[in-house]
Each structure stands twice: as structure tokens, then as C-alpha cells.
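This briefing goes through selected packing, pairing and backbone features of one structure, grouped by topic. Please keep the sequence and the coordinates at hand while reading.

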Amino acid sequence: MGEYSSPTYLGLDLSTQQLKAVVVDDNLEVLVEANVQFDNDLPEFRTYGGVIIRKDAPSVVQAPCLMWVKALDMLLDKLRVSGVDFARVRGISGCAQQHGTVYWSKGSRELLKNLKPDRFLHEQLCNAFATNNSPIWMDSSTSQECEILEQTVGGPDKLAEITGSKAYERFSGAQIAKIWRTRPDIYANTERISLVSSFVASLLVGDYAPIDYSDGSGMNILDIRTKKWNDQLLQVCGINLQDKLGETVSSYTNLGPISNYFVERFGFAEDCGIIAFTGDNPASLIGMRLKKGDLACSLGTSDTLFLWLDAPKTLTEGHVLCNPIDGDAYMAMLCFKNGSFTRERIRDTAAGGSWQIFNELLDSTPRGNFGNIALYFDAPEIIPALVGDHRFNKADERISRYSSKEVEVRALIEGQFLAKRAYAEDFGFVVGSNTRIIATGGTSSNKTVLQVLSDVFNAPVYTFEMTNSALLGAAYQAKHALHRENNNFEEITSIIPEPKLACKPFSDAESIYRPMLARYRKIVAQLLKQNDDS
Ligand code: XUL
């Protein structure tokens with residue numbers, strides 16, 4: 001087949017601040033990328049960072065769903081201007097910020113099925129939403145609903161066992177329950193509730209698209225073992241909720257051909273397949289091509305760990321989600337709030353704001369930092385639930401400060417990675433001979449920091465050149481879903497270059513960090529106990 005007619009795949013990512021697209025060729029190489037920035041490209045919606053925070057109630061964080069609709073038309077126009085031949089696109093998949101919910105008003109299904117190609121989507125869908133503002137993952141206004149969800153099934157551990165997570169305020173179940181309780185008019189006028197991911201898929205397929213198992217695992221109402229909605233939890237989140245949520249499907253389901261709107265307006269082929277959309281974190285797992293035994297460590301504003309799990313685990317901290325690639329597997333996700341922000345604070349106080357000096361200080365201290373261990377949390381941390389700075393010397397005695405900047409810098413980085421190893425091990429992660437730590441995110445370009453990561457885990461660290469793993473994951477999923485009958489995911493993506501080795505652990509690493517890990521756990525247990533007692 002010639003270049004002209006060779007197939008391409010389109011991946012979309014509706015994140016908090018922008019809608020992004022990537023077109024890849026049959027070898028999964030990137031051909032074109034484009035994005036629509038919500039604040040700058042759609043100023044009429046008056047978002048800041050893509051969101052609207054209620055002035056009188058800052059825990060309420062929303063985004064206008066019509067802005068997302070408008071962004072889709074704009075993005076496809078940008079791709080067209082870049083020369084993308086939509087007729088070659090065989091499949092489209094995508095991902096979106098997790099947990100956010102969209103409320104389609106009565107009659108919207110008909111609107112979706114009859115979209116007119118000569119009019120913009122946002123003109124036709126301006127009355128399609130029972131509420132124009134969708135609650136998103138940054139919202140934390142649902143503590144009351146969270147309590148009800150946990151009580152309903154017998155406590156946080158039980159909820160975590162069923163749904164993969166204890167109750168979280170940003171999770172969709174609590175968000176839906178809050179709308180049902182506080183805005184019964186909106187709830188009553190809702191025909192269908194989509195996640196942000198299945199909402200974008202609905203626009204493309206011209207009908208309500210089902211929620212996929214992986215993103216559905218971020219709702220606190222899906223039973224991650226049976227992959228069905230849990231009746232008890234449905235009942236406390238809203239009347240007739242099952243009808244409003246529809247069925248769930250595996251993340252690699254071909255939902256059917258693209259809506260005629262896109263065929264006529266942009267020239268897509270009539271048989272271009274729309275693959276279920278999923279959450280950005282599951283899509284990241286796909287984009288990184290995480291294998292069993294690997295640990296992905298995303299070092300950004302907040303730090304996140306991803307793990308492949310063969311079976312669900314029950315832990316009250318962290319999240320277990322259905323795996324987006326393998327219907328029998330799961331994935332674990334652990335979020336740490338204090339990532340780059342805390343690293344930057346210590347860089348500013350100990351290294352005058354210079355990463356170069358920070359790295360020199362880190363390099364000038366020995367592995368194990370003379371026995372000093374510290375924990376630094378600017379914001380209240382998720383795991384462990386602590387805040388503030390906690391410094392300890394080699395005798396595990398609490399001290400108020402370290403005598404040198406070198407020790408402070410190493411204590412920060414070692415402390416952050418000891419925490420990650422401790423919680424990854426709680427999730428069942430074991431360092432084996434094939435273990436790879438895959439580092440992504442802003443800090444993954446700092447090799448001095450990655451060396452500490454490698455030593456603390458006693459495993460080699462690899463990095464990718466690409467930074468947008470979720471977006472690429474969406475494009476890979478489009479090809480995988482359409483070809484999985486003949487080839488598995490590994491075969492389909494084997495063309496892509498492997499991540500590059502960045503650092504290997506020193507031979508003494510395990511003998512230094514294994515005992516420190518035990519001390520770290522002891523220190524955390526003590527701090528948590530002191531908090532409970534006070
Ligand atoms: C995950 C979460 C965020 C959003 C951001 O639980 O809340 O990572 O998915 O896009």
C-alpha cells in the first residue's frame with residue numbers, strides 16, 4: 001500500500017487545560033500533533049487553567065461542557081489545516097481527565113443521532129446538558145456523600161474491596177449523589193450521565209457511548225471484579241441511576257463507526273471505528289507500554305506510581321483500576337501530592353533556586369545520607385496522611401534542622417523515594433531481576449535525582465523521550481482495538497522504540513536502603529500514631 005492510502009490512527013486527550021490530538025501512522029510514529037488551549041483559544045468560557053472555581057465555595061470546581069464540545073470542532077479544524085487526511089484515519093480512541101461527569105438532558109440522544117454537518121457542534125448541542133458546568137476531578141465538595149458511600153457497604157475497607165478505592169470526594173459516585181441531593185431538578189432532567197471520556201466518545205459516535213471499565217473504576221460505584229454497577233451503591237447515589245449510566249464495556253471495545261457529522265464535515269471514512277475512550281491514567285499505562293513487573297513513576301506537580309496487577313488487591317490507600325489492555329488484569333495507581341512543588345521549595349531554600357547546585361549537593365552526599373531520614377510535605381499528603389517537615393537523625397531522633405544543605409537535599413529525595421518503595425511494596429510490588437522503573441514527568445529529565453530512584457529501588461531506571469504518554473496511549477489503543485483479534489498489544493506496539501536506560505543501581509544500594517526502608521516505615525507509623533493521639 002502506498003504512503004497515500006496507508007492507515008493512520010487518531011488519539012485524543014481531553015485534559016484539564018486543553019484538548020490534544022495526535023495522528024500516528026501504521027508504525028505508530030507521530031505524524032501530527034495539535035491542541036486547543038481552553039483559556040486562550042476559548043476565552044468566552046472564562047476558565048482559568050481550564051476550570052471555574054466557585055468564589056463563594058472554593059471546593060466546588062467545574063468546567064463548562066460546551067467548551068469541550070466547541071474545542072472538538074476547533075481541534076479537528078486545526079488538524080485539517082495541518083494537512084491531515086481524515087479519510088486515512090481507521091480508528092479513533094481517546095482519554096480524558098478522570099472522575100468528571102457530564103449530564104445530558106432529556107432528548108439529547110436524538111440530537112446526537114441527528115447532528116447536521118453544516119452547523120457547528122456547539123450550536124446544535126447548546127441545550128443538550130442538564131447542567132452546563134460539569135464537576136471535575138479537582139472538586140472536593142462531597143465529603144457528606146463520601147461518608148454515605150462508605151457506610152452503605154460497611155466502611156472504607158469494604159468500599160475499597162468492591163470498587164478499588166475508598167470514598168474520594170473527586171470520584172464520580174459522590175459527585176452524582178451531590179447533584180441528586182442538592183439539585184434534584186438537574187438530576188430529574190438528566191437522560192444520561194457520561195464520564196468526560198465517554199462524553200467525547202459520544203460526540204464522535206453520534207450516540208451515548210458506554211463508560212469503559214478502567215475509567216468506570218474511578219467512580220466508587222463499579223464493582224471492579226464483576227465489572228457491573230454495585231446495586232447498593234447505585235441506590236445511594238441517585239434514583240434510577242443504572243438507566244442513566246448505561247452498560248459498561250472493556251476499554252478496547254469498538255463502539256461502531258464515526259457519526260455522519262464527521263464524515264460530511266471533515267471527510268472521515270464512513271467505516272472509521274470509534275474505540276471506547278478511557279481515563280488519562282489508564283491511557284498513560286498504555287502509552288508507557290507498562291509490563292508486568294515494571295513500575296512507572298511519574299514525577300510531576302504531584303508524583304504518581306503505576307503498577308500492573310494480575311488480580312485486584314484491597315488497600316485503603318491508593319486506587320485499583322481495571323486494566324485497559326487486558327480484560328483479566330488490573331492496575332494500581334498511587335498518588336503523592338507533594339512532588340515537584342516540594343522539590344522546588346528545597347531547591348530554593350538549599351540551592352538558591354538552581355537545579356545545578358541542587359544536583360551538586362545531592363551528588364556530594366553518600367547513599368544513605370549518614371543515616372538521616374526526613375519527610376517533607378508542603379500540602380497534606382495522601383499517603384502517608386501527614387503534613388509539614390519531619391527530620392530524623394541516624395538514631396531515629398527527631399531534629400529541627402540538618403547541619404548542612406547537602407544532607408537536607410539528599411534527605412528530601414531519598415525520603416520521597418523511600419515512601420514510593422514502601423507503598424509500592426504494600427501493593428505487592430517486588431523488585432525482580434527483570435524489574436524496570438520507568439520514569440516520566442518533568443523531573444525525569446534530572447539524572448542525578450533518577451540515580452537516587454534507581455538506588456532506593458535497587459532497579460534500573462528507564463526514560464522515554466515522549467512526554468505525552470496518555471495521548472499516545474489513546475492512539476495506540478485505537479490500533480490495538482482494531483487488530484487485537486490477530487495480534488496482541490505487545491506485538492502491535494513492538495515497533496515502538498523501547499525506553500532508554502538512564503541509570504543502574506550501585507552494588508551496595510540494597511544493603512543501604514533495605515534497612516532504611518524498615519526505619520522509614522517505623523518513623524511513619526510513629527508520626528501517624530502521634531497525630532491520632534493528639
Ligand atoms: C486521578 C486524578 C487525576 C485526573 C487528572 O485520580 O484525579 O489524575 O485524572 O487528569
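Two strands are taken to pair if DSSP finds at least two bridges between them, and helices (H or I, at least four residues) and strands (E, at least two) are DSSP runs that are numbered from the N terminus. This is a predicted model, in which local features need pLDDT of at least 70 and side-chain atom pairs count only at pLDDT 80 or more, while totals for chains, interfaces and linings use all residues. Residues are numbered from 1 along each chain as its sequence is written, and side-chain values use heavy atoms, with hydrogens and water left out.

**Sheet and its helix**

- β21, β22 and β23 form an open, antiparallel sheet of three strands in the order β21-β22-β23, and its edge strands, each pairing on one side only, are β21 (373–377) and β23 (398–399).
- Strand β22 (residues 388–392) is joined to β23 by two bridges, and R391 has I399 in β23 as its bridge partner.
- Helix α21 (residues 509–533) packs on this sheet and touches β21, β22 and β23, its direction making about 50 degrees with that of β21; here contact means heavy atoms within 4.5 Å, and axes are lines fitted to C-alpha atoms, for helices over the stretch in contact, with angles running from 0 to 180 degrees between N-to-C directions.

**Helix pairs**

- Helix α5 (residues 143–153) packs against helix α6 (residues 156–163) at an angle of about 85 degrees, with the axes 7 Å apart, and the two are therefore roughly perpendicular (angles of 65 to 115 degrees; under 35 counts as roughly parallel, over 145 as roughly antiparallel and the rest as oblique).
- In this contact, L149, E150 and V153 of α5 meet P156, K158, L159 and I162 of α6.
- Helix α14 (residues 280–287) and helix α19 (residues 469–483) pack at about 75 degrees with their axes 7 Å apart, which makes α14 roughly perpendicular to α19.
- Their contact involves D280, A283, S284, I286 and G287 of α14 together with S469, A470, G473, Y476 and Q477 of α19.

**Backbone features in loops**

- I383 and P384 are joined by a cis peptide bond with omega of about -10 degrees, and P384 lies in the loop between β21 and β22.
- H99, although not a glycine, has a positive phi of about 80 degrees; H99 sits in the loop between β6 (89–96) and β7 (101–105) and counts as buried at 5% relative accessibility.
- F370, also not a glycine, has a positive phi near 55 degrees; F370 is in the loop between α16 (355–363) and β21 and counts as exposed at 55% relative accessibility.
- Buried means under 20% relative accessible area, exposed over 50% and partly exposed in between, with a 1.4 Å probe and protein chains only.
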